[in-house]
Amino acid sequence: MEDSINQCAASASAASVVEAGGGRMVSVPCPLCGALRERLITIQNSYRVVSCAACSFVYVNPRPDDAALARLYLQYLPDKMADPLLWDSYMAGVFSKAADVIVKYKRAGRLLDIGCGYGFFLSEMKRRGGWELFGMDVSRTALSYASSQGHNAAQGTLDTVRHPENSFDVVTMFYVLEHVTGPVAALRAVKRILKPGGMLLLRVPHTTPIVKLLKLLGVANNLYDPPFHLSDFSASTIRRGLEEAGFIGIHTSIGGFTTPPETGKRLFTAAFGLMAGAGYSLSLGRFAMPGVAKNTIAFKP
Ligand SMILES: [Zn+2]
């Protein structure tokens, strides 16, 4: 479906994308609710980041089509991912917190980590014991490292690696959902491969509050990282997406912070994390500070 509101913007920004991806731009309705009306938040890397006028979902529109995105991903490797050991120390706090959350609900079983990268979360779960572990990722570089660590990980996406229905007790997705073109369809695909009562744990960035603050301060940034990040989720839009896909028992919490290698960034992240954690505890889980990455869990009925 073409959104006529976006026609001008689509042709205006197409030129820069032709350079980047060599492909076509497509305008999309809100990926969460299907509405066509949107408000421009900002332009980053020549891409328009908009919020849906009906449901406030934040997404990139227009965006490269699937073929152009696939070409762009051939060159994509987040800088933090370049060195496996750096990535391990960057994410260790996140992975150990997520593992704590999972074992509160599930003590053992079959677990699939979608977007497993180098396999460090699989290693964390292996240390906990009792799990039959599987990974999946698009990056061959990351997967060959994961295999060298003894992990069973397949190359591909949910569309290409077809696991049978009702296969897993737990599925995890760390920083994956913001990359996919159809987040609700991806969540439905996850629900299909979960066993009844199975648990999904996902982690997504929430960049919009920080971008709005920096805009007020006049600080230029490209924190949305388009076109690789196509969506930005708040606690309420992630809930809505999960409900659309048929999940129940949805709960979002914060905790488990990244450890950037640079001292300044590390101190900032730690301070921000502690502040967010304190707010979350003091409000008995009602206040999850905006701008902080969140863990959301949900269950298949
Ligand atoms: Zn919407």
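**Figure 1. The nonpolar core.** A nonpolar core is a set of buried Ala, Val, Leu, Ile, Met, Phe, Trp, Tyr and Cys residues joined through C-beta atoms within 7 Å, where a residue counts as buried if 20 or more other C-beta atoms lie within 10 Å of its own, as exposed if 12 or fewer do, and as partly exposed in between, with C-beta atoms placed from the backbone. The model is predicted, so that local features need pLDDT of at least 70 and side-chain atom pairs count only at pLDDT 80 or more, whereas totals for chains, interfaces and linings use all residues. Residues are numbered from 1 along each chain as its sequence is written. In the largest nonpolar core, which has 63 residues, those touching the most other members are Leu111, Phe121, Val171, Leu200 and Leu201. The most residues given to this core by a strand, six, come from β10 (residues 194–204), strands being DSSP runs of E with at least two residues and helices runs of H or I with at least four, numbered from the N terminus. Domain 1 (4–74) and domain 2 (80–299) each supply at least three residues to this core, the domain bounds coming from an automatic or database domain assignment.

**Figure 2. Surroundings of Leu200.** Apart from its neighbours within four places in sequence, Leu200 is in contact with Val171, Val190, Leu194, Phe247, Ile297 and Ala298, a contact being two residues whose C-beta atoms, placed from the backbone, lie within 7 Å.

Figure 3. Four strands in the order β2-β3-β4-β11 form an open sheet with antiparallel pairing, and two strands are taken to pair if DSSP finds at least two bridges between them. Strands β2 and β11 (231–232) stand at the edges with a single partner strand each, so one side of each is left without a neighbour in the sheet. Helix α7 (residues 208–216) packs on the sheet and touches β2, β4 and β11, its direction making about 70° with that of β2; axes are lines fitted to C-alpha atoms, for helices over the stretch in contact, and angles run from 0 to 180 degrees between N-to-C directions. Two bridges join β4 (residues 58–60) to β11 in the antiparallel sense, and Val58 stands opposite Asp232 in β11.

Figure 4. Strand β2 runs antiparallel to β3 (residues 47–52), to which six bridges join it, and Leu40 has Val50 in β3 as its bridge partner. The two strands form a hairpin with two residues between them, and Asn45 in the turn has a positive phi of about 50°. Arg37 lies in the loop between β1 (25–26) and β2 (38–44), and it is exposed, with 12 other C-beta atoms within 10 Å. Arg37 and Val50, 13 residues apart in sequence, are 9.7 Å apart in space from C-alpha to C-alpha.

**Figure 5. Helices α6 and α8.** In α6 (residues 183–193), the buried residues include Pro183, Val184, Ala186 and Leu187, and the buried residues of this helix pack against β9 (168–174), β10, β11 and α8 (235–244). In α8, Thr237, Ile238, Gly241 and Leu242 are buried. Seen down the axis of α8, these residues fall within an arc of 140°, so they line one face of the helix; the arc is that of the directions from the helix axis to the C-beta atoms. The cover over the buried residues of α8 includes α6, β10, β12 (248–253) and β13 (294–299).
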